Amino acid sequence: MNRNMWRVLMLALALCLAATGPALGAKLKIGSLSPLTGPYAADGNDIANGVRAAIAAIEKEGGIPGFDGIELMAEDSACDPKQAVAAANKLVSAKVAGVVGAYCSSATIPASEVLAEEDIPMLTPASTNEKVTERGLKYMFRVCGRDDDQSVAAVTFLTGHLKAKTLYVVDDKTTYSQGLADNVEKLAAAKGIKVIAHDHVNQGDKDFSAVLTKIKSANPDALYMSLQNSASGALMLIQARRMGITAAVIGQDAVYHPQLMEIAKEAAEGAYLTFGFIDENTEAYKKFASAYAAFGKPGAYSGYAYDSAYVLLSAIKAAKSTDPAKVKAEIMKMDIQGASKKIKFMANGDSGSNYIIRMVKGGQFVNFWDPATGKTY
Amino acid sequence: MEIFLQQCINGLTLGGLYALIALGYTMVYGIIQLINFAHGEFFAAGGYVGVILLAWMAAQGMTQSHPWLCMGLALLLTMIYCAMLAMAVERVAYKPLRHSSRLSVLLSALGMSIFLQNGLMLTQGVYDKAYPTEMVSGLVTFGGLQISIMQILILSTTAVLLVGLNALVFRTNVGKAMRATAQDKVMSALVGINSGRIIALTFAIGAGLAAAAGIMVGFNYGSVRYDMGFVPGIKAFAAAVLGGIGNITGAMVGGLIIGMVEVMAAAYIQGGTEYKDVFAFIILIAVLYFMPTGIMGENVDDTRV
């Protein structure tokens with residue numbers, strides 16, 4: 001036997017050992033789907049960490065009777081429909097009791113169809129596209145809000161608080177970001193705001209100088225910035241403020257991330273974002289914050305992912321079973337204050353939106369304006 | 001008119017950065033006819049090394065007292081580091097394949113690119129790293145024209161590096177040896193040129209320039225990310241081909257053209273912000289259709305490296 005054969009054999013042996021690594025206990029398996037690599041890896045890792053924090057919190061409360069611990073299979077959906085389907089299939093063959101994910105609506109929708117065939121409950125912490133819950137899937141739940149509500153909040157703010165007369169819209173062409181920008185453009189025009197232009201940039205662009213020079217000469221009252229990524233949002237803010245653009249900038253939930261201030265620093269000050277109302281004084285939030293401390297600062301979707309996993313695990317605990325019908329019955333019964341919002345599911349699996357306007361102030365996101373009441377906080 | 005001039009400056013800044021990266025492609029191609037797909041990763045590595053050095057300097061309190069010195073030092077050290085990295089990559093991934101087919105080396109380069117990018121992701125994380133942009137802020141106003149200090153720095157540093165490179169290649173003995181190796185490796189070896197060392201040096205210089213671009217991109221745009229090398233790498237490659245691959249002046253011209261076209265398309269064509277990359281590549285195709293060797297590509301080998 002020559003040396004190469006030996007190497008191949010040793011490698012095969014090492015792989016076998018690695019594959020048989022985990023102990024063979026009766027663990028409860030749940031899955032998460034989110035982009036762990038690629039341009040949305042920051043949000044994706046926040047989601048996986050949120051699920052990990054929920055598992056830690058549940059285990060601290062005594063775990064789930066009948067199971068020897070909870071195991072997470074954190075799969076990479078890469079915000080790509082094909083990879084999301086492959087990852088969902090992997091979770092199906094691993095027989096997970098439920099899945100938290102995915103992030104991009106364009107990945108969540110095909111993945112949910114794979115999971116639906118096996119009646120595996122799926123709770124999305126971040127996919128805001130309307131279609132996610134409008135396909136009649138029995139086991140699809142949404143813990144975050146919906147885009148149609150989010151665009152209404154943004155436009156209500158433009159007319160109600162900023163009294164903007166002119167608006168410039170920029171998006172980066174994803175199902176989510178462009179859908180939202182189109183909605184805002186339509187609604188704003190209907191409310192009598194003059195939409196000067198609606199430009200598209202490419203995902204992953206770093207240089208926005210050309211489009212910003214156009215914006216500067218158009219001098220709009222407000223700029224609606226619908227980008228899929230908080231880092232891109234930060235780059236756009238830096239360049240806009242450096243050029244001396246003074247228009248009010250309104251972003252959305254994908255730009256909402258502590259990275260925005262870390263990168264843009266003082267350029268982020270005064271930027272507005274539509275995001276779900278988070279009450280940081282609730283017991284649930286404090287519990288989440290202490291469970292999440294091991295993973296650093298919570299990102300935009302950490303709390304939603306935590307809530308999704310917490311809801312799923314509590315339902316399994318209450319049902320004393322992983323049978324999907326029983327788990328669903330428990331999920332529908334739930335009416336709790338979560339870390340991110342009050343959670344009570346409707347028949348279609350939505351749990352309602354509570355978008356408010358938040359603002360960057362002193363390097364922090366603070367609650368600013370409530371579109372429901374028209375009042376500043 | 002003011003807006004047009006403003007867009008010209010935007011285009012020049014972007015084009016200068018592309019030119020710096022394009023030089024590495026063109027020099028390596030000139031000397032061993034390899035399209036070094038790992039070149040974009042040197043640019044990304046430069047961005048990261050720069051931010052790590054600056055963070056360390058800030059922790060020592062040096063950035064407060066001597067900001068300019070710190071920036072210069074960071075730039076220099078980053079260029080040296082990436083030059084050494086490129087020599088290591090050349091040694092490991094390309095030198096053993098010197099006598100294999102060109103396809104093997106090309107595949108090795110692609111593999112190296114994936115390896116380096118994932119190495120960056122695993123060691124530095126998936127999150128963007130913020131640059132201390134507050135070190136250089138402020139605008140200079142000429143009439144209605146606004147130029148940020150950073151843009152001036154980029155333009156001047158790029159100009160200095162380009163002039164320096166030209167002097168190195170066309171005025172020094174090392175440059176003469178590089179040109180000789182590019183023309184004929186066997187013959188240059190016969191007259192006593194160590195071609196292995198010259199090839200390593202070519203990689204080092206190209207990577208040093210890309211690293212300089214990386215650190216300036218970090219400062220100009222505010223952050224770096226592990227996968228930032230890919231898109232600018234492709235555009236710089238297009239710039240090198242546009243200028244005539246293998247030709248140093250061509251790479252500079254190509255970079256400036258690609259940068260300018262991108263900015264002008266975004267500024268003046270309806271829906272152009274969305275398709276600015278398309279316009280850059282249309283120019284590339286059009287030029288190659290009429291001049292297959294690129295704008296400055298020719299077979300007179302003494303300007304080639």
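This is a predicted model: local features need pLDDT of at least 70, side-chain atom pairs count only at pLDDT 80 or more; totals for chains, interfaces and linings use all residues.
Residues are numbered from 1 along each chain as its sequence is written, and chains are lettered from A and ligands numbered from 1 in the order in which they are written.

Two packed helices are described by the angle between their axes and the distance between the axes. Here axes are lines fitted to C-alpha atoms, for helices over the stretch in contact, and angles run from 0 to 180 degrees between N-to-C directions. Helices (H or I, at least four residues) and strands (E, at least two) are DSSP runs, numbered from the N terminus.

In chain B, helix H6 (residues 149–171) and helix H9 (residues 195–221) cross at roughly 175 degrees, and their axes come within 10 Å. H6(B) and H9(B) are therefore roughly antiparallel to each other. H6(B) brings B:Met150, B:Ile154, B:Thr157 and B:Leu161 to the contact, and H9(B) brings B:Leu209, B:Ala212, B:Met216, B:Phe219 and B:Asn220; residues are in contact if their C-beta atoms, placed from the backbone, lie within 7 Å. The contact of H6(B) with H9(B) has seven nonpolar, two polar and no charged residues. In this scheme Ala, Val, Leu, Ile, Met, Phe, Trp, Tyr, Cys and Pro count as nonpolar, Asp, Glu, Lys and Arg as charged, and the others, Gly among them, as polar.

A second pair in chain B is helix H2 (residues 39–59) and helix H10 (residues 230–243), which pack at an angle of about 130 degrees with their axes 8 Å apart. H2(B) and H10(B) are therefore oblique to each other. Where they meet, B:His39, B:Gly40 and B:Phe43 of H2(B) face B:Phe230, B:Pro232 and B:Gly233 of H10(B). These residues divide into three nonpolar, three polar and no charged.

Between the chains, the contact takes 30 residues from chain A and 25 residues from chain B. On the side of chain A, the largest share, six residues, comes from H7(A). The residues of that side divide into twelve nonpolar, ten polar and eight charged.

Chain A itself is assigned domain 1 (26–144 + 301–345) and domain 2 (148–278 + 356–376), with bounds from an automatic or database domain assignment. Their centres, taken over C-alpha atoms, are separated by 30 Å. In the contact between them, 14 residues of domain 1 meet 14 residues of domain 2.

Conventions:
Two residues are in contact if their C-beta atoms, placed from the backbone, lie within 7 Å. Angles under 35 degrees count as roughly parallel, over 145 as roughly antiparallel, 65 to 115 as roughly perpendicular and the rest as oblique.
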